[in-house]
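Work through the exercises below with the sequence and the structure at hand. Try each task before you read its solution.

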Amino acid sequence: MAIQKITGFADLFGPEADAYTFIENTAREVFARYGYTELRTPVVERTELFAKGIGEDTDVVGKEMYTFPDRRGRSLTLRPEATAGVVRAFIDSKRYQPGGVYKYYTLGPMFRYERPQKGRMRQFHQVNAECFGSPSPLADAESILMLADFLTAIGLRGLSFEINSLGCAECRPSYRGFLTEYFENLTADALCEDCRRRMATNPMRVLDCKRDSCAEATKGAPTTLQASCEGCRENFAVVKKVLEEAGLDYTVNPRLVRGLDYYKGTTFEVASTDIGSQSAVAGGGRYDGLVKLLGGPDVPGVGFACGMERLALLLAEQKAAKPDFYVAVLDEAGLQAGLLLARGLRQAGLRGEAAFEAKSMKSQMRSADKSGARHVLILGGDELAQGTVTVKNLATGEQETISMDRAAERLA
Ligand code: HAM
């Protein structure tokens with residue numbers, strides 16, 4: 001019998017491999033604009049790097065690592081994520097000069113022994129970015145905005161951004177105290193065995209437990225935002241203000257604790273509702289203290305990683321999705337305006353076509369139908385004169401005339 005590939009590992013042929021190449025090339029292009037350079041680190045590291053860096057109580061270290069002895073009995077691990085290795089390389093390289101800011105991206109395979117399903121593999125691929133050297137919340141905001149630019153550049157939309165602040169070395173201890181007190185007041189069997197252990201070693205990990213019963217029991221637990229010190233509150237306010245001014249839609253999720261122990265301060269996740277239960281497309285945050293913990297200077301850091309499998313799934317899904325619009329025009333006079341209206345909508349992330357010829361309205365409606373578009377946008381004489389457009393929803397037949405400037409918002 002032919003030898004089978006390992007469960008949770010994939011072969012990527014032609015078009016699928018092309019999607020990964022496209023994602024990687026776009027990452028290189030967008031990240032370079034922000035001053036990031038590439039850093040390729042080994043796929044295998046000493047196990048202690050991850051145990052120490054990611055945290056012994058995390059699912060990743062406790063349950064999911066590919067760990068094995070080498071021929072001389074040293075414990076090695078296939079990297080489950082990129083950050084710890086990037087930090088190790090940064091420390092090894094002795095590049096750090098006080099006051100300097102260093103930005104690196106890493107692309108490649110990671111390994112976690114999880115239960116495979118759509119969007120969750122045991123060998124998966126990350127686009128990872130790290131910025132060392134700045135404690136400023138502006139670095140957090142820049143990291144989130146670069147992630148947003150990257151996701152837009154690969155053509156994804158309909159993503160939700162969630163942010164939180166996890167507290168710092170100053171306010172974390174009192175938060176741990178509040179949490180422990182809350183857990184101690186629960187009934188003895190409210191938490192699973194793992195969580196009862198974590199309660200003492202690492203109470204914040206209890207909030208990340210995947211069991212429904214633990215999630216239910218911790219619903220009313222105090223949040224880090226309730227316990228934030230003034231510094232954390234001020235930093236978080238700056239991050240939120242910059243994102244707002246940049247026009248990035250986000251929600252604050254006080255329950256967003258992330259699955260790795262190194263986070264402090266701002267954390268964030270990006271999710272999509274289009275790819276099933278494995279909806280987290282990207283995650284990241286600030287990890288001040290990690291470089292020092294791993295034996296380097298006390299250099300702050302912030303970064304994120306996106307899962308390429310999930311990005312590729314979304315790209316395939318959205319490619320197969322129906323276009324948003326078809327622009328139909330009543331006569332020749334509308335053709336150019338129609339083309340420019342379509343361009344504006346495409347720049348806003350929408351997909352669709354504009355007629356090149358002013359054929360009969362019946363024929364254009366047929367083309368719209370054939371394209372599968374959700375809306376037809378009609379530009380007639382009145383609309384052109386008034387800077388408006390008539391939007392017809394092809395599913396419901398409803399139509400309304402709105403200002404052209406509002407078309408993107410209306411269709412989204
Ligand atoms: P993470 O949230 O563990 O963060 O992973 C980041 C992304 O990798 C997830 O949002 C998901 O898209 C993808 N991912 C994780 N596990 C799998 C899997 N088994 N199969 C497919 N995709 C997966 C980190 O790894 C941090 N190192 C991110 C970071 C960088 N924080 C600061 N710098």
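**Exercise 1.** Where do Arg33 and Glu29 lie, and how many residues apart are they?

*Solution.* In this predicted model, Arg33 and Glu29 both belong to helix 1. They are four residues apart, which is about one turn of the helix. Next, look at the side chains: Arg33 and Glu29 form a salt bridge, with 3.5 Å from N to O. That distance meets the cut-off of within 4 Å.

**Exercise 2.** Classify Arg28 and Glu38, which form a salt bridge, as buried, partly exposed or exposed.

*Solution.* The closest N and O atoms of this pair are 2.5 Å apart. Arg28 sits in helix 1 (residues 14-33) and Glu38 in strand 1 (residues 37-38), ten residues apart. Arg28 counts as partly exposed because its relative accessibility is 26%. Glu38, at 29%, therefore counts as partly exposed as well.

**Exercise 3.** How many salt bridges does the structure hold?

*Solution.* The count is 22 salt bridges. Among them are the pair Arg33 and Glu29 and the pair Arg286 and Asp140.

**Exercise 4.** How many aromatic pairs are found in the whole structure, and what is the geometry of the pair Tyr96 and Tyr102?

*Solution.* The search finds 17 aromatic pairs. In the pair of Tyr96 and Tyr102, the ring centres are 6.0 Å apart and the planes are at 55°. Planes under 30 degrees apart would count as stacked and over 60 as edge-to-face, so the rest are tilted. The pair is tilted. Now compare accessibility: Tyr96 is partly exposed because its value is 23%, whereas Tyr102 is buried at 15%. Both residues belong to one aromatic cluster, which also includes Phe90 and Tyr104.

Notes:
Residues numbered from 1 in each chain as written. Predicted model: local features only at pLDDT ≥ 70, side-chain atom pairs only at ≥ 80, totals over all residues. Heavy atoms only, no water. Helix = DSSP H or I, 4+ residues; strand = E, 2+ residues; numbered from the N terminus. Buried < 20%, exposed > 50% of the residue type's maximum accessible area, 1.4 Å probe, protein only. Phe/Tyr/Trp six-rings, centres within 6.5 Å; stacked < 30°, edge-to-face > 60°.
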